[in-house]
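Reader: I am new to this structure and would like to go through a few of its features. Please take them one at a time.

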Amino acid sequence: MFSPTATRALRRAASSNTKHYICPACKYSTSNTPNRVIFSGIQPTGVPHLGNYLGALRPWAKLQDGAATDDRLLFSIVDLHAITIKQDPRLLRQWRKEMFASFLAVGLDPKKSILFAQSDVPAHAELMWILSCFASMGYLSRMTQWKSKMSLPSNANPFDTSTSKKKDAPALKLGLFSYPVLQAADILLYKTTHVPVGEDQAQHLEFARELAITFNHTFGADLLVPPQTIISPAKRVMSLAEPTKKMSKSDPDVKSRILITDTKEEIHKKIKVALTDSIQGVSYDRDSRPGVSNLIDIMYHFQEEHFASPEQLTKDLFGPETSLKVLKEKVANTIDDHLRDVRERFSSAMSMGDVEMSDMARESADAANQLATSNLKTIKSQMGLGWD
Ligand code: AQP
């Protein structure tokens with residue numbers, strides 16, 4: 001199934017017991033481990049953008065299409081994570097639907113992968129409670145996500161009441177603080193062996209691994225599987241408006257991101273106003289030219305099979321004489337070429353009746369529930385929480 005280069009990369013990864021692994025050769029086919037369980041999730045907080053697509057959704061579809069028959073794949077709309085910040089119920093309902101349509105649009109197939117909403121499987125919340133009895137508050141307080149969601153500095157302390165009383169920072173809620181425990185439950189519930197995510201999730205994955213190891217040690221049994229993280233080559237797509245920040249669904253500036261549903265005109269408009277610099281020509285340097293390099297990175301990730309690296313792409317296609325206008329034009333055309341099919345499939349999925357979509361989601365949730373209930377039963381029984 002894998003090319004010789006890919007196989008060598010896989011062997012190296014397996015023998016070095018790598019926790020965070022970027023597969024350079026095969027891009028997304030990750031392991032020769034038999035019986036892989038691959039799990040990942042995405043919050044229904046808006047239509048996915050290029051970062052979500054290149055960093056998560058596209059790798060998931062590639063993993064699905066390259067999967068062996070004994071692999072199991074689960075991809076979840078993690079709506080319980082979405083409510084860690086305030087949500088309008090009407091919008092959340094719409095976003096769940098749009099995320100399901102996005103799954104289908106990127107090529108995820110309910111016949112090959114279990115595609116379900118997290119809140120349809122109650123065992124996630126139950127295992128979260130169990131794990132929260134083992135999770136260290138100190139470790140959680142060092143996580144960066146709650147700080148970035150509250151726009152707090154990286155050294156913010158959850159126990160410092162002056163921080164949470166700041167006029168513009170809403171008080172830290174327990175759900176947002178314990179978000180990584182729920183994420184650990186999502187993953188550990190299915191005995192997941194591999195979790196494909198963007199770089200921003202690596203810290204949470206390390207937390208899940210450590211939680212699994214602590215739990216197993218406490219009960220003297222391999223009840224939970226410490227998962228391996230697969231970081232996509234497009235590990236951090238940056239904002240078009242502020243290219244030192246990651247592209248994000250919740251950024252108030254809609255021009256900071258390209259959605260997978262954007263039209264050709266919208267793509268061209270957003271790329272045209274993307275923040276670059278006033279240096280002559282096109283060159284690749286993430287530190288001194290973050291805006292230009294982000295555009296080159298995006299173009300490269302759509303054409304990974306044709307170029308060895310973003311530097312190579314720059315050397316082959318551009319140079320000191322190329323204007324930024326030409327670069328932007330080419331980047332916008334590349335994005336549009338690749339997203340055309342995705343947006344067409346999205347709109348046909350959205351035109352599916354509500355009943356048809358919810359039947360599809362419920363059928364997948366039944367399969368997830370079966371696996372989750374059985375695994376949770378074993379965990380609870382080992383802890384003394386069972387009658388048999
Ligand atoms: N900019 C990005 N580059 C590469 N990967 C990214 N991901 C998110 N942004 C980028 C990956 O997408 C998956 C789903 O992310 P999520 O929705 O669960 O949460 P997030 O990481 O917080 O994504 P957003 O888009 O920034 O959403 P909001 O604004 O709602 O928080 C993950 O695998 C993530 O790594």
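This is a predicted model: local features need pLDDT of at least 70, side-chain atom pairs count only at pLDDT 80 or more; totals for chains, interfaces and linings use all residues.

Reader: Which kind of aromatic pair do W60 and F103 form?
Author: The count of aromatic pairs comes to 10. For W60 and F103, the ring centres are 6.0 Å apart and the planes stand at 80 degrees. Planes over 60 degrees apart put a pair in one class, so W60 and F103 are edge-to-face.

Reader: How many residues apart in sequence are the parts that this pair ties together?
Author: W60 and F103 are both buried. W60 belongs to helix α2 (residues 50-65), while F103 belongs to helix α4 (residues 89-105). The pair therefore ties together parts whose separation in sequence is 43 residues.

Reader: Is E363 buried or exposed?
Author: E363 sits in helix α16 (residues 354-383). Together with E356, D359 and D366, E363 forms a negative surface patch. The relative accessible area of E363 is 60%, and the cut-off is over 50%, so E363 is exposed.

Reader: Is P196 buried or exposed?
Author: P196 is found in strand β5 (residues 194-197). Its relative accessible area is 2%. The cut-off is under 20%, so P196 is buried.

Reader: What distance separates the C-alpha atoms of P196 and G55?
Author: Along the chain, P196 and G55 are 141 residues apart. In the model, the separation of their C-alpha atoms is 8.5 Å.

Methods. Residues are numbered from 1 along each chain as its sequence is written. Side-chain values use heavy atoms; hydrogens and water are left out. Rings of Phe, Tyr and Trp (its six-membered ring) pair if their centres lie within 6.5 Å; planes under 30 degrees apart count as stacked, over 60 as edge-to-face and the rest as tilted. Helices (H or I, at least four residues) and strands (E, at least two) are DSSP runs, numbered from the N terminus. Buried means under 20% relative accessible area, exposed over 50%, partly exposed in between (1.4 Å probe, protein chains only). Patches are made of residues with over 30% relative accessible area and no salt bridge: like charges are joined within 9 Å, nonpolar side chains (Val, Leu, Ile, Met, Phe, Trp, Tyr) within 5 Å. Accessible areas come from the Shrake-Rupley method with a 1.4 Å probe; for residues, only the protein chains shown count as cover. A salt bridge is a side-chain nitrogen of Lys or Arg within 4 Å of a carboxyl oxygen of Asp or Glu. Lys and Arg count as positive and Asp and Glu as negative; His and the chain ends are not counted. The place of a charge is taken as NZ of Lys, CZ of Arg, CG of Asp or CD of Glu.
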